[in-house]
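Colleague: Could you take a close look at one helix for me and walk me through it slowly? I'm new to this.

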Amino acid sequence: MTPLQALQKYFGYNTFRHQQEAIIQHILNKQDVMALMPTGGGKSLCYQLPAVLLNGLTIVISPLIALMKDQVDSLNVSGIPAAFLNSAQTPDEQRLLVEKLRNNQVKLLYLAPERLFGNENKLVPFLKTLNVVQIAIDEAHCISQWGHDFRPEYLMLAQLKNEFPNVPVIALTATADKLTQKDILEKLNLHKPAVFVSSFNRANITYTVVPKKNSFKQLIAFLNERREESGIIYCLSRKSTEDLALDLKNAGFAAEAYHAGLNNETKAKNQEAFLRDDVKIIVATIAFGMGINKSNVRYVVHIDLPKNIEGYYQETGRAGRDGLASEALLLYSPGDAGKLQHFARIEGNEEQSRIMLNKLNDMVRYCQLQTCRRQYLMNYFDEAFPPNCGSCDVCLTEFKRFDGTLIAQKALSAVSRLNERFGVNYVIDFLRGSKNEKIREEHKQLKTYGIGADISKADWQRYIRELITMEYLQVTGDGYPVLKLTDQSALVLKGIQKVEFIETQVTEEHHTEAVPLHEAELLSRLKNARRDIAEGENVPAYIIVSDATLLEMATYLPQSLDELRLISGFGDVKLARYGRELLQPVKDYCKEKSLESKIAYKSAKRERKPKTERTRSPRSGTDTRSETFNLYRQGKNVMEIAAERGLSQVTIEGHLSHFVQTGDLDVNELVSEAKLHVILEALESYGAERLAPLKEVLGDAYTYGEIKAVISWMNKNQ
Ligand code: ADP
Ligand code: ZN
């Protein structure tokens, strides 16, 4: 069986994501691998698929019991024999497991590191008597002190390569920073490892930051729109998680608190209820989440400012693991930044304090951005990204830029005149010619005094913030923050460098993005059916099938098991076990509403069927393109044409792009104006030679068809 066949048979997916295929090939060739992928990127599959293909046992090291249990349930539901060893098991249960391992009846064994190398047990000698074919180390950054989640017990894994020198090891993590990467490779002592780094962009998450005013009111407004969805709300303190959960409960939301100070029983209970969708909202400190694989978390809210970008990105990453559109909302107040500054200072450790403060500063800058938030995040993790993602609050807001050089010069000369010794508020009062007695007499005599009287205080605050972001001003000083010039200020003052400010104005149409046309009522019936199955199997609902799978069902309306097989997420075992039960609501619904299967669209969507396509008919290129174009002119869309002609959507889009290049078709018919600009920008940065990397940076909101159309349009204009 090839990896691709196994992917379809066991996991029900049609194509590999990111570099999954190459990673899997390395393991099959017995090479060590380190794989860095964002949360939700599909790391588990990188070792689960080789585990299925290889004849022997895969050991998976994982830090948390909750995580192990989730994975084991999930594998078993797909018919892959997996187990975990844990201290809560009775001697009888353990004996049974040992028996199964001896008989080669387990494909994946999950363990905590201390189980493997702790001194009280003799697990390694036993495992050596088995046919171990792969060792996977999940959350590998836990081995590094540089990481944000160091676990001393992970250090024991340094012995792995000595004990199992011929077994390929795969280390996986979602932590990107270079120092941690290096540390992982060294500590694990991997042999000529191949390192795979995927893009860390999470295209399906929309990032939004709003000023924090009345946080509870703001939160309720947000949650009211999402009553059926699951989400996580992060707070800084344990007490506020409990208070907020209580307030939300009183306001009629199914919410529970979670933090490290709760007793284990309560923690387990709340977590379990969340996994099973009995509780929709978890209000948590950062203690919550590492073990959470729940794929249908639709939103993550930070009600307090996170301490650094690393943590923020990881926490927001818990939304949307199923690939569906999800949201990250942060409520920002400068006051929070002040409070955190206080905590960031560690008595007697200047070096560490400086690092923490810098990280906090980067976080604050993120909140104050006037440019694409996704680009900032990606750049933070050393990844290039075009300046407009189309799906953060900044990009969804339309900008009018204007020449602000004069304004900038006024601000900079004021700072200079005041000898770079005063804070923002004083500088603004000075600029506005305030009569306030706080303004010193000698300053009132300066020519610059009052030169900015025509601009409101609020606007001045915004301009100065932007000047700081653009690094024409900086804030320094211990205790009392003071505005100072930078190396670049002189360029502005001398008129060499122009400065542009942004006037913000919200566009109304940003919700018009194409929403997939699914049957909403059917989707909710399918969720109920899934819930019944999950209760029978005693696992969380998303373990049975993901939300993305149900959404596809409610879109393409499969009528038979053969049609259901084409829905992403149904491997052979899941199809046999749950297919009929999940199909029934679809059939009933279609009967009631006189609807038919739309699965033809789905199969037309599948790419990569070159053979059948090429042997189809010897028609010339022009003919087949014209046929597509005629249908398009008759008012049919790409999907309809694809279905009618039995060709893939990608092919049809290619045909239409051709007519953009010949000038017969206006590019705006295929691509919206806003998207056109983003794609052009991406083309400028990355070139038009290869589509896949472009698609990767642009994300799911952009189709290959749109990218191709823009390239054709460019070719026409050149
Ligand atoms: P990670 O461990 O990297 O955070 P997971 O391994 O939990 O991510 O995968 C996230 C989700 O993506 C899971 O629901 C998984 O089944 C799904 N997934 C993984 N690989 C693919 C693929 N090739 N096609 C479709 N879905 C996939
Ligand atoms: Zn953006």
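Modeller: Let's take helix α11, residues 238–250; helices here are DSSP runs (H or I, at least four residues) and strands are E runs of at least two, both numbered from the N terminus. This is a predicted model, where local features need pLDDT of at least 70, side-chain atom pairs count only at pLDDT 80 or more, and totals for chains, interfaces and linings use all residues. Residues are numbered from 1 along each chain as its sequence is written, chains are lettered from A and ligands numbered from 1 in the order in which they are written, and side-chain values use heavy atoms, with hydrogens and water left out.

Now look around the helix. Thr241, Leu244, Ala245 and Leu248 are buried (under 20% relative accessible area; exposed is over 50%, partly exposed in between, with a 1.4 Å probe and protein chains only). These four cover an arc of only 105° around the axis, so they sit on the same side of α11; the arc is taken from the directions from the helix axis to the C-beta atoms. Over on the other side, Lys239 and Asn250 are exposed.

What do the buried residues of α11 pack against? Their partners are α10 (215–224) and the strands β9 (230–234), β10 (255–258) and β11 (281–284), with contact meaning heavy atoms within 4.5 Å. Finally, just after α11, Gly252 has a positive phi of about 95°.

Technical notes:
The expected span of a helix is 1.5 Å times one less than its number of residues.
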